[in-house]
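The sequence and structure are shown below.

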Amino acid sequence: MPSSSSQPQRTGRPARISRADIVAAANAVIEADGVEKLTMRRLATELGCTPMALYHHVRDKEDLLRLLLNDYADQVVWPDLPEEPRQRVRVAARAMRDVLATRPWVVEILAADDLLGVSALWVTESIVDGFVAGGLPLERAVQAYRAVWHYTAGNLIVRARSARRATEDRPTFRAQVFADLDADSYPRLAALGSDYVSLAAEDTYELGLDALIEGLLRTP
């Protein structure tokens, strides 16, 4: 009789993938190459499965991004909020910024104004509630929240792109311009010269946030 080693070997079914596997692999792709490189085909390759296997868990890339957003939002421990309305808005906005700053790619997705992590609605509710407690009608409070969100998203996008540019370790065009400004045309900026570049790189988020909150609460 032939030995058992001569019998055809059964390969069995491919290993099953879980949603946790998908989330981990998708996050790895994004961290390595950016969210624009995340495709169903690329993800299937990383997981060692077929794209069809992924469709048992997510319908398409948009559904995949929604899964990632919800997974991230579900992990966040949001801070306790103070009673004073201005401080309530400030703490919630700062928490939103701190959470998003660790994963700048999330801001790019949220900026499309459609996808979101449901757990992250804590931020929206907290800021809207703070503005209502500060005297704004509900509809105006929603508009005020949107102003805070736009300010925060813009701040994060600019800082993330500036940080990427800084890693290139070469002189920027801005530095070259400010090093030799015409004092007659731009007296204030020329007085700062190259110092302007370092001043512009400072984190002024809270300065702007406080001014924005005060202005929004004074708006009739």
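## Salt-bridge network

In this predicted model, a network of salt bridges links R90, R94, D98, E206 and D210. Within it, R94 forms a salt bridge with E206, with 2.4 Å between the closest N and O atoms. R94 belongs to helix α5 and E206 to helix α12, so the pair ties together parts that are 112 residues apart in sequence. R94 counts as partly exposed at 25% relative accessibility, and E206 likewise counts as partly exposed at 29%.

## Packing of α5 and α12

Helix α5 (residues 85-101) packs with helix α12 (residues 205-218) at an angle of about 140°, the axes being 11 Å apart. The two helices are therefore oblique to each other, and their crossing is right-handed. The contact is made by R86, V89, R90, A93, R94 and R97 of α5, together with Y205, E206, L209, D210, I213, E214 and L217 of α12. By class, these comprise six nonpolar, no polar and seven charged residues.

## Further salt bridges

The whole structure contains 14 salt bridges. One of them joins the side chains of R86 and E214 at 2.7 Å, N to O. This pair links distant parts of the chain, with R86 in helix α5 and E214 in helix α12, 128 residues apart. R86 is partly exposed at 31% relative accessibility, as is E214 at 27%.

D63 forms a salt bridge with R59, the closest N and O atoms being 3.9 Å apart. D63 is buried, with a relative accessible area of 12%, whereas R59 is exposed, at 60%.

Conventions:
Residues are numbered from 1 along each chain as its sequence is written. This is a predicted model: local features need pLDDT of at least 70, side-chain atom pairs count only at pLDDT 80 or more; totals for chains, interfaces and linings use all residues. Side-chain values use heavy atoms; hydrogens and water are left out. Axes are lines fitted to C-alpha atoms, for helices over the stretch in contact, and angles run from 0 to 180 degrees between N-to-C directions. Helices (H or I, at least four residues) and strands (E, at least two) are DSSP runs, numbered from the N terminus. Angles under 35 degrees count as roughly parallel, over 145 as roughly antiparallel, 65 to 115 as roughly perpendicular and the rest as oblique. A crossing is left-handed if the near helix is turned anticlockwise from the far one by less than a right angle, and right-handed if clockwise. Contact means heavy atoms within 4.5 Å. Ala, Val, Leu, Ile, Met, Phe, Trp, Tyr, Cys and Pro count as nonpolar, Asp, Glu, Lys and Arg as charged, and the others, Gly among them, as polar. A salt bridge is a side-chain nitrogen of Lys or Arg within 4 Å of a carboxyl oxygen of Asp or Glu. Buried means under 20% relative accessible area, exposed over 50%, partly exposed in between (1.4 Å probe, protein chains only).
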